[in-house]
Amino acid sequence: MNPPNEALPLAGEDLAVDRTPRIPGDLHKTITMAQIARAAGVSQGAISSLLNDRDYGIRVSEKTRERVFKVCREMGYIPNDLRAVVRMYPELGDFCLLISSKFGGLTDPFVARVANATMQAVSGTARSLTLALYDEDADYLQDVEKLPHPVRSGVASKVLYIGEPNKSLIHTVLKRGLPVACVGCELTEPGAVTFLPDYQQASQIALGHLFQLGHREIGIVSGPFGAVSAHVNELNRGVRLACEAVGLQVGAQSIIYGDLSFAAGQAAFATFIERKPRPTAIFCMSDEAAAGIMAAAHAKGCDIPGDLSVIGCSDEPATRFAAPPLTTVHLPIEEMVQAAVAEIDRLVRQGATGDGQRIVLPVRLVERESCAAPASKPCEPA
């Protein structure tokens, strides 16, 4: 059933087609759904469906939605409902940072860096920023009430996503014609934009540095065994390629799998120290795990880097204050966030395209004091 032909307020006589709203003009004029429907060549039911973000049993294509909103903007119509305003003028909506609930919130180093960089990138334009958690395993298409509030309410029009993809959540946002960008993990949905560090290059740079110092007995602290995470798989691939380049084989005894936490690093050191031959250097796929390795080594009386070289991956701010300061591979998280915010702004003003993008940024070695040439005699635990 089509909604009634209600009168809608007109908030200005002229509005730029590039979605940049101008100062309202004559507030005494009104415009009806019938007028919008005639101008756009669609039914009044389709107009109501789009403005209220409701189905009403009417299928509205993306092209039709764009045509209707273009007509509304050209006619100068500004809805009373904030959600409808955001749908029509997405550049006015809030910026939302969606964070997987599997992270430890803002205490997670990666999340903290992304959130801080996002606040800096967004605040420079005096816009609102909201943070919300999502469930990686939820089916939001089946239960829309479980959608993160900024998405459910419709007040957010610019979405930055960190964590493993939830296709139903991404589909919900993209269906509204809004851009979605992800930092750190890959989105394969058409219309989504992914910003990734070159994880494969990170492993190759780390191991290349250790090879250059003369290390050949190298331990690897990797992610969970059988991980489906794309970034862990890319890091592992980089390890294999780096070793193949110098003619080394990576044996099973050289790799410890875990969650890349501080505790995982401690456990990995306890395992490595009992193996023959012992590694002279350890590459950790996270700075947290590297910190755990260093703490466990110090507790056993092993000197770093005199007895054991340690190299991490990420370049968390705290690593420069470790004892000794940690050599690591810098992942360009802040740079990716800045590029993602700029790309979202561009897409929301020019209109999101149906083509997905995958943008990979280079990484670099940050050489500090935790790596040196291999010791003539391996560390003996105290």
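Me: Which helix holds isoleucine 205?

Reply: This is a predicted model, where local features need pLDDT of at least 70, side-chain atom pairs count only at pLDDT 80 or more, and totals for chains, interfaces and linings use all residues. Residues are numbered from 1 along each chain as its sequence is written, and side-chain values use heavy atoms, leaving out hydrogens and water. Helices are DSSP runs of H or I with at least four residues, strands are runs of E with at least two, and both are numbered from the N terminus. Isoleucine 205 falls in the run 199-213, helix H8.

Me: Why does isoleucine 205 count as partly exposed?

Reply: Buried means under 20% relative accessible area, exposed over 50%, and partly exposed in between (1.4 Å probe, protein chains only). Isoleucine 205 falls in the in-between class because its relative accessible area is 22%.

Me: Which residues does isoleucine 205 touch, not counting those up to four places away in sequence?

Reply: Contact means heavy atoms within 4.5 Å. By that rule, isoleucine 205 touches Val329, Val363, Arg364 and Leu365.

Me: Is glycine 238 buried or exposed?

Reply: Outside its sequence neighbours up to four places away, glycine 238 touches Gln200, Ser203 and Gln204. Its relative accessibility is 0%, so glycine 238 counts as buried.

Me: Which residues have the most contacts inside the largest nonpolar core?

Reply: A nonpolar core is a set of buried Ala, Val, Leu, Ile, Met, Phe, Trp, Tyr and Cys residues joined through side-chain atoms within 4.5 Å. The largest such core has 66 residues. H12 gives the most to this core, with seven residues. The residues with the most contacts inside it are Leu160, Val183, Leu207, Val221, Phe283 and Ile293.

Me: What does leucine 207 touch, not counting residues up to four places away in sequence?

Reply: Leucine 207 is 31 residues from glycine 238 in sequence and 9.0 Å away in space, C-alpha to C-alpha. The residues leucine 207 touches are Ile218, Ile220, Val239, Ala242, Cys243 and Phe283.

Me: Which helix is the place of threonine 172?

Reply: Threonine 172 counts as buried because its relative accessibility is 12%. Leaving aside neighbours within four places in sequence, threonine 172 is in contact with Leu141, Leu147 and Val151. Its place is in the run 167-175, helix H7.

Me: Which element gives the largest share of the lining of the second largest pocket?

Reply: On a 1 Å grid over the protein atoms alone, a pocket is an open set of points where a 1.4 Å probe fits, with protein on both sides within 12 Å along at least five of seven lines; lining residues have an atom within 4 Å of a point. Of the 34 lining residues, the closest to the centre of the second largest pocket are Phe103, Asp108, His231, Asp259 and Leu260. Helix H5, helix H9, helix H11, strand S11 and helix H12 each supply at least two lining residues. The largest share, three residues, comes from H9.

Me: How many helices and strands does the protein chain have?

Reply: The protein chain has 382 residues, and buried ones make up 51%. Its secondary structure comes to twelve helices and 14 strands.
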